[in-house]
Amino acid sequence: MDYVKFGDDLKLSRVIAGCMRAKDAGMEGERMLRFVEECLDMGIDSFDHAPVYGGYTCEKLFGDAVLKKRPELRQKMKIVTKAGIVLPGVEGNKTIYYKSTKKEIMKELEESLEKLGTDHVDLLLVHRPDPLADPEETADALGTAVKEGKALHIGVSNFMPSQITMLQSYLPVPLVTNQMELSVKNVDNFFNGVLDDAFTRRMTLMAWSPLGGGSVFSGEDEQSVRLRGVLGEIAQDHGTTMDAVMYAWLFVHPARIAAITGTMNIERIRTAVDAQGLDLSYDEWYRILAASRGFDVP
């Protein structure tokens, strides 16, 4: 397993086990514990959470099955969680909204710690940029979480470069990552300044939905059809699978992108791990890019 550095003193496995679908996959009790143990055996030491996953249930499924039964496993893993999304009905609200007040961030963090069965997370992210946020207040919440030892490091998710600059200007500690949608299906963030900004900040990116939500495998839209053809050819040339090629497409990028898996199927996660050893040529990388965008570079 390759491990990537986030900031000065945090390292996470290049493949991060995303737990968003734990409820839908019926990952309770021994099933969840076995899943975590198998991930650890593969060298995956990092697990991605958020309070809203599974309608506020996934963190508790993880905590009840893993850390509250096997607390010694906490020393072997890194836990990432987020804060700042409020689902409908939680506050009598009719719609989902983002909320980055200090009160909300600290409340969600405390609830996450209780559900997960730990006294700290290794990385706390602001889940989405909130247009109503006071950056000074949001920064105060993140700084307080670090000062109190409830979050060892902080970062953001789905932020554009200017939004990172704004929030960082109020913080005494660095934001160590930006978790963004990056995949062969969604290449916008390779060209809109997100990658450039990450290089400038020496910031490691996390890719969510690294397989593009799975639409490449069966989607009939023109982009999916184009990608399926090219990915299938490249996979055949390498004696591997399309999903391995999709992970490798991210891994070969010099930004050293970490990928958050979106499955609870351990064999599919093993494919992501194996993809670290798959080297794509410049020609193959650009063929995939062209298939995604529908045109060759000029």
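Helices (H or I, at least four residues) and strands (E, at least two) were taken as DSSP runs and numbered from the N terminus. The structure is a predicted model, in which local features need pLDDT of at least 70 and side-chain atom pairs count only at pLDDT 80 or more, whereas totals for chains, interfaces and linings use all residues. Residues are numbered from 1 along each chain as its sequence is written, and side-chain values use heavy atoms, with hydrogens and water left out.

With buried defined as under 20% relative accessible area, exposed as over 50% and partly exposed as in between (1.4 Å probe, protein chains only), R202 is exposed at 71%, while S209 counts as partly exposed at 23%.

Pockets were then considered. On a 1 Å grid over the protein atoms alone, a pocket is an open set of points where a 1.4 Å probe fits, with protein on both sides within 12 Å along at least five of seven lines, and lining residues have an atom within 4 Å of a point. The largest pocket has a volume of about 580 Å³, a volume being the space filled by probe spheres set on the points, which are joined across faces, edges and corners. Its lining comprises 28 residues, of which M20, R21, W208, S209 and G262 lie nearest the centre of the pocket; helix 9 (242–251) and strand 12 (258–261) are the elements that give two or more residues to this lining.

The second largest pocket, with a volume of about 210 Å³, is lined by V252, H253, P254, L280, S281, Y282, W285 and Y286. These residues divide into six nonpolar, two polar and no charged. Y282, which lies in helix 11 (residues 282–293), is exposed, with a relative accessible area of 70%. Together with Y286 and V297, Y282 also forms a nonpolar patch on the surface, with about 360 Å² of accessible area in total. Such a patch is made of residues with over 30% relative accessible area and no salt bridge, nonpolar side chains (Val, Leu, Ile, Met, Phe, Trp, Tyr) being joined within 5 Å; a salt bridge is a side-chain nitrogen of Lys or Arg within 4 Å of a carboxyl oxygen of Asp or Glu.

Notes:
Patches are made of residues with over 30% relative accessible area and no salt bridge: like charges are joined within 9 Å, nonpolar side chains (Val, Leu, Ile, Met, Phe, Trp, Tyr) within 5 Å. Accessible areas come from the Shrake-Rupley method with a 1.4 Å probe; for residues, only the protein chains shown count as cover. Ala, Val, Leu, Ile, Met, Phe, Trp, Tyr, Cys and Pro count as nonpolar, Asp, Glu, Lys and Arg as charged, and the others, Gly among them, as polar.
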